[in-house]
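User: Please examine the structure shown below and answer a few questions on its helices and its packing.

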Amino acid sequence: MIFYGLGSPFADPFGPAHLFRTDLYVSGTTLFTLGLGDVVPHSQWVRELIVLEAGMGLGFVAMVIGYFPVLYGAFSRREVSISLLDARAGSPPTAAELMKRHSFDGGNAALTLLLEEWERWSAELLESHISYPLLVIFVHSIRIRAG
């Protein structure tokens, strides 16, 4: 849109009829670092703008690569508590099974401790979803693949 706002400052072999499509093409090839060859900028400052856009493309890729381990770590921490819940409340976990398995002497204290852990887990889950909204999509896509 910046290039289009500048009046499509490129020489395009397809002619002036494709101005907006040429601008999209230049942005796409620059942002995804494919390079230019058939479209040439008309001025020096448009060249500089293209270099800036190429840097943004590389920065975007680096950000995604750096973000993935953070997402995976947050996902892994969540899954540990869910796995432990299966042992305490059956599979799939139910409140009735949880109460039944904690009906022994001292079970109230164990259940209280478990619920305190799950209160912390819920707070961490909320924090991770607020801090990393992409984690919601990441978890959903893993669950779909797992069946």
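**Burial, packing and charge pairing**

Analyst: In this predicted model, the buried residues of helix H5 are Gly107, Leu111, Leu114, Trp118, Trp121 and Ser128.

User: What end-to-end distance does helix H5 reach, from its first C-alpha to its last?

Analyst: Helix H5 spans residues 107-131, a run of 25 residues. At 1.5 Å a residue, the expected reach is 36 Å. The distance from the first C-alpha to the last is close to that expectation, at 36 Å.

User: Which element gives the largest share of the largest nonpolar core?

Analyst: The largest nonpolar core has 7 residues: Leu85, Ala89, Leu98, Leu111, Leu114, Trp118 and Trp121. Two or more of these residues come from each of helix H3 (44-89) and H5. The largest share, 4 residues, is that of H5.

User: Which residues does Trp121 contact, leaving aside its neighbours within four places in sequence?

Analyst: Trp121 is buried and belongs to the largest nonpolar core. With the neighbours within four places in sequence left aside, its contacts are Arg78, Ser81 and Ile82.

User: Which residue forms a salt bridge with Glu97?

Analyst: The count of salt bridges comes to 1. The closest N and O atoms are 2.7 Å apart, and the partner is Arg101.

Technical notes: Residues numbered from 1 in each chain as written. Predicted model: local features only at pLDDT ≥ 70, side-chain atom pairs only at ≥ 80, totals over all residues. Heavy atoms only, no water. Expected span 1.5 Å × (residues − 1). Buried < 20%, exposed > 50% of the residue type's maximum accessible area, 1.4 Å probe, protein only. Salt bridge = Lys/Arg side-chain N within 4 Å of Asp/Glu carboxyl O. Core = buried A, V, L, I, M, F, W, Y, C linked by side-chain atoms within 4.5 Å. Contact = heavy atoms within 4.5 Å.
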